[in-house]
Amino acid sequence: MFIKKEKFLIISRTFFDKLYLRKWGNIMKNKMITSRDIDFAKWYTDIVLNARLAAYSNVKGCIILEPKGYAIWENIQKVLDKKFKELGHQNVYMPLFIPENLLNKESDHVEGFAPEVAWVTKGGSKELEEKLCVRPTSETLFCDHFAKIVTSYRDLPKLYNQWCSVVRWEKETRPFLRTREFLWQEGHTIHETKEEAEKEAYQMLEVYKDLFENYLAIPVITGQKTEKEKFAGAEYTLTVEALMYNGVSLQSATSHYLGQNFSIPFNIKFTNRNNELEYVYQTSWGTTTRIIGAIIMVHGDDNGLVLPPFIAPQQVVIIPIGKEKEVIEKAKEINQTLNENNIVSFIDDSDKTPGFKFAEHEMNGIPIRIEIGPKDLANNQIIIVRRDNYKKEVIPLDIDIVQKIKDTMTIMHKDMFNKAKERNESKTYVCRNMQEVEDVMKTNPGFVKAMWCGKEECETKFKEIKGMKSRCIPFEQEQLDDKCICCGKKAKHMVIWGIQY
RNA sequence: AUGGAAUUAGUUCAGUUUGGUAGAAGGCUUGAUUUGGGAUCAAGAGGUCACAGGUUCAAAUCCUGUUUUCCCGACCA
């Protein structure tokens, strides 16, 4: 009986989806994916799979990054790697395995990560003398190495970064957002002074903010994590928080000031300028492939992925209409001009109908589409269409097409950023009591701004409302009230609260 | 954690109640005609029914265990 009801619901939803196929402006709703307003989680996986960003593997929580997904990661890598190097960082590679004793050296750290580490206990058929942890993060490896190579202030700073994958044995997994193995970058630096290390931690947070806002078109809130939410072993954690279309927040990058918490147990000592022995001051910072999930959930729509133009692996698709020689030649000419000017474009001259191609490239999120047909050539023009708002523009052939595309990408980027920012603002609420928080989160979730006294018991109270947590204590503080929203005692900070992925 | 749903063609699913020849759509291939929002016709290829046991003359179908996915929780980037 119950099963039959379920089946009925599925059938009726299919019917509903079909109704959605009606004309919508001059574009058609995509058949392949669920509407994001009907079922956001389903919409998300539909996009991951249909846009061929990733595929499932045979091991839970381990995804296959397909070419289109990996290309986005490569572009993110290019942006960050360049910036890291400009700021004096060097890339290194540490081993995949961490011996148990090494992991155990910093007690908060091991406590934080122990529940989710994967262990190697056998080599071939032989039990290992000491089991090896598959790195969940590499602080311990870096520290062990730093202790060996640093003796003097002249050896400092060491500014290292590594691109690698790490493993955390999560129970519940989701493509990009939470996988058991994920690709990331982890920076590890050691410094002579507290000031220098803290400056580094803040500087790297700005690097991430720049990536999000100027390449991914994702507005973010920067701030500091509370004691409860900080990285296991850090003095404090700085964070970049983004808000998704459905009002759920995503911790998108973090930068930790570790102080001497690791350098003491790992014995990373140096002789300072006053000829005294001192422990180094340390930072670590990272971001992961999860931000591909953020791109999907911030910009995507019911026709598929929408890629920000400055991170898209393919920026322009040229679609010739029909097979006339002049049309094909014009397409090739434009394609070549764009490619020569550092715009990644390609021609889709497959046998599919134009309508199919439009839908296909919209699914894949290609930022700009150029249509060239016989009618256009007769009028000495081409048509360009923006992925983000579907706006068509007729472009005379005698203008500078490269400049036109570059300008369009710049405007698109700004529009995408502003659209996301406006949505964030409409989903950010100032609350003065817990009832308000509950009302707002139950109807239209998002970020809640509220005052907090600094006590963990008040922080924990939020969990009762849909598992909310503090996201950060933002750098941009506002004095909303004198009292803590929860206990009514004197407030210390304004905190951003939310539901997290 | 516990719980619920699912797992059949590259995809979406039917077939399981009541064991008896492996199905549909769409996708793919080939050819022709097409091409400004998911084309039409014709022919063709494609499945160890997730895995491992068990019951049976006979298992996609019944039983047991496991895998992976989704939902609900707890944890985390």
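Predicted model: local features only at pLDDT ≥ 70, side-chain atom pairs only at ≥ 80, totals over all residues.
## Domains

Chain A is divided into four parts: domain 1 (2-64), domain 2 (67-97 + 135-294), domain 3 (316-424) and domain 4 (428-498). Domain 2 is written as two segments, 67-97 and 135-294.

Domain 1 and domain 3 touch. Six residues of domain 1 are in contact with five residues of domain 3. On the domain 1 side, three of these residues are nonpolar and three are polar. None is charged.

## The 11-strand sheet

An open sheet is built from 11 strands. Their order is β5-β9-β10-β16-β13-β12-β11-β24-β25-β23-β22, and the pairing is mixed. The edges are β5 (90-91) and β22 (428-430). Each has a single partner strand, so one side of each is left without a neighbour in the sheet. Helix α6 (residues 139-149) packs on this sheet. The helix touches β9 (158-167), β10 (181-191) and β16, and its direction makes about 35° with that of β10.

Strand β13 pairs with β16 (residues 281-288). The two run antiparallel and are joined by six bridges. Here glycine 259 stands opposite glutamine 282 of β16.

What surrounds β25 (residues 493-498)? Five of its six residues are buried, so this strand is largely enclosed by the rest of the structure. In the sheet order, β25 sits between β24 and β23.

Both pairings are antiparallel. Five bridges join β23 (residues 447-452) to β25. Three bridges link β24 (residues 469-474) to β25. Isoleucine 496 takes part on both sides: lysine 449 stands opposite isoleucine 496, and cysteine 472 is a bridge partner of isoleucine 496.

## The three-strand sheet

A second open sheet has three strands in the order β6-β8-β7, with antiparallel pairing. At its edges stand β6 (97-99) and β7 (118-123). Each of these has a single partner strand, so one side of each lacks a neighbour in the sheet. Neighbouring strands are turned by 45° against each other on average, direction ignored.

Three bridges join β6 to β8. One pairing sets phenylalanine 97 against valine 134 in β8.

Cysteine 133 also lies in β8 (residues 126-134). Is cysteine 133 buried or exposed? The residue has 22 C-beta neighbours inside 10 Å, so cysteine 133 counts as buried. Beyond residues up to four places away in sequence, cysteine 133 touches Phe97, Ile98, Glu100, Leu103, Val117 and Trp119. Glutamate 227 is 94 residues from cysteine 133 along the chain, and their C-alpha atoms are separated by 27 Å.

## The surface near RNA strand B

Several elements each supply at least two residues. The helices are α1 (2-19), α2 (40-50), α10 (354-363) and α11 (374-378). The strands are β2 (27-28), β13 (249-259) and β20 (381-386). The largest share, eight residues, comes from α10.

## Helix α10

Which residues of α10 are buried? They are Phe358, Ala359, Glu360, His361 and Glu362. These buried residues pack against β17 (316-320) and β19 (368-372). Just after α10, glycine 365 takes a positive phi of about 80°.

## Backbone details in loops

The peptide bond from leucine 156 to proline 157 is cis, with omega near -5°. Proline 157 is in the loop between α6 and β9.

Tyrosine 390 has a positive phi, near 65°, although this residue is not glycine. Its place is the loop between β20 and β21 (392-396). Tyrosine 390 has 16 C-beta neighbours inside 10 Å and so counts as partly exposed.

Lysine 466 is another residue other than glycine with a positive phi, here near 50°. The loop that holds lysine 466 runs between α14 (456-461) and β24. Lysine 466 is partly exposed, with 14 other C-beta atoms within 10 Å.

Methods: Residues numbered from 1 in each chain as written. Chains lettered and ligands numbered in written order. Helix = DSSP H or I, 4+ residues; strand = E, 2+ residues; numbered from the N terminus. Buried ≥ 20, exposed ≤ 12 C-beta atoms within 10 Å, placed from the backbone. Contact = placed C-beta atoms within 7 Å. Pairing = 2+ DSSP bridges. Axes fitted to C-alpha atoms, helices over the stretch in contact; angles between N-to-C directions. Domains from an automatic or database assignment. Nonpolar A, V, L, I, M, F, W, Y, C, P; charged D, E, K, R; others polar.
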